[in-house]
Amino acid sequence: MLVTSRETRRWVTPKGGRMAGKTDAESAAQEALEEAGIEGRITEAPIGTFRYLKVLKRRASRWCVVAIHALEVRFEHPVWQEQAERDRVWMSAEQAAACVSEPDLAEIIRAYQP
């Protein structure tokens with residue numbers, strides 16, 4: 001599943017910053033719930049990492065490193081927190097890899113074997 005980013009509307013994986021009191025995997029699961037309305041079992045270890053240039057409205061752009069955790073979706077909410085700000089779509093791994101802008105993320109998606 002991919003979601004659209006809020007500002008540029010490009011296709012991305014749910015992602016966010018680290019959260020106090022949560023592991024990286026728990027933070028990733030929380031972001032998936034907020035951004036895509038999905039819940040399930042998440043891998044503790046990341047399946048890959050990539051860098052991207054985050055374009056900020058009122059500040060200089062900055063490079064971010066993202067760790068990708070796989071989520072075995074067990075429940076998809078019909079209504080979720082960021083529904084008004086994002087679209088979500090299920091697609092094949094090959095379609096998802098073709099839709100994302102970051103080449104390293106596309107490679108992670110193509111290489112992932114559940």
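Which residue just after α1 takes a positive phi? Gly37 does, with a phi of about 70°. The views below show a predicted model, in which local features need pLDDT of at least 70, side-chain atom pairs count only at pLDDT 80 or more, and totals for chains, interfaces and linings use all residues. Residues are numbered from 1 along each chain as its sequence is written, and side-chain values use heavy atoms, with hydrogens and water left out.

**View 1. Helix α1 and its surroundings.** Helices (H or I, at least four residues) and strands (E, at least two) are DSSP runs, numbered from the N terminus. Helix α1 comprises 13 residues, 24–36, and reaches 17 Å from its first C-alpha to its last. This is close to the expected 18 Å, the expected span being 1.5 Å times one less than the number of residues. Its buried residues (under 20% relative accessible area, 1.4 Å probe, protein chains only) are Ala25, Ser27, Glu31, Ala32, Glu34, Glu35 and Ala36. The elements covering them include β1, β3, β6 (71–76) and β7, where contact means heavy atoms within 4.5 Å.

**View 2. The open sheet β2-β1-β7.** Three strands are arranged in this order with antiparallel pairing; two strands pair if DSSP finds at least two bridges between them. Strands β2 (11–12) and β7 (88–89) stand at the edges with a single partner strand each, so one side of each has no neighbour in the sheet. Strand β1 (residues 2–4) pairs with β7 over 2 bridges, and Leu2 stands opposite Val89 in β7.

**View 3. Ile42 in strand β3.** Ile42 belongs to β3, which spans residues 38–42. Its relative accessibility is 23%, so Ile42 counts as partly exposed, a class that lies between buried and exposed (over 50%). Beyond its neighbours within four places in sequence, Ile42 is in contact with Ala25, Ala28, Ala29, His69, Ala70 and Leu71.

**View 4. The nonpolar cores.** A nonpolar core is a set of buried Ala, Val, Leu, Ile, Met, Phe, Trp, Tyr and Cys residues joined through side-chain atoms within 4.5 Å. The largest has 13 residues, and Phe50, Tyr52, Val66, Ile68, Val100, Leu105 and Ile109 have the most contacts inside it. Two or more residues each come from β4 (48–54), β5 (62–68), α2 (93–99) and α3 (103–111), with α3 giving the largest share, 4 residues. Ile109 touches Ala93, Ala96, Ala97 and Val100, leaving out residues up to four places away in sequence. A second, separate core of 5 residues includes Val12, Ala32, Ala36 and Ile38.
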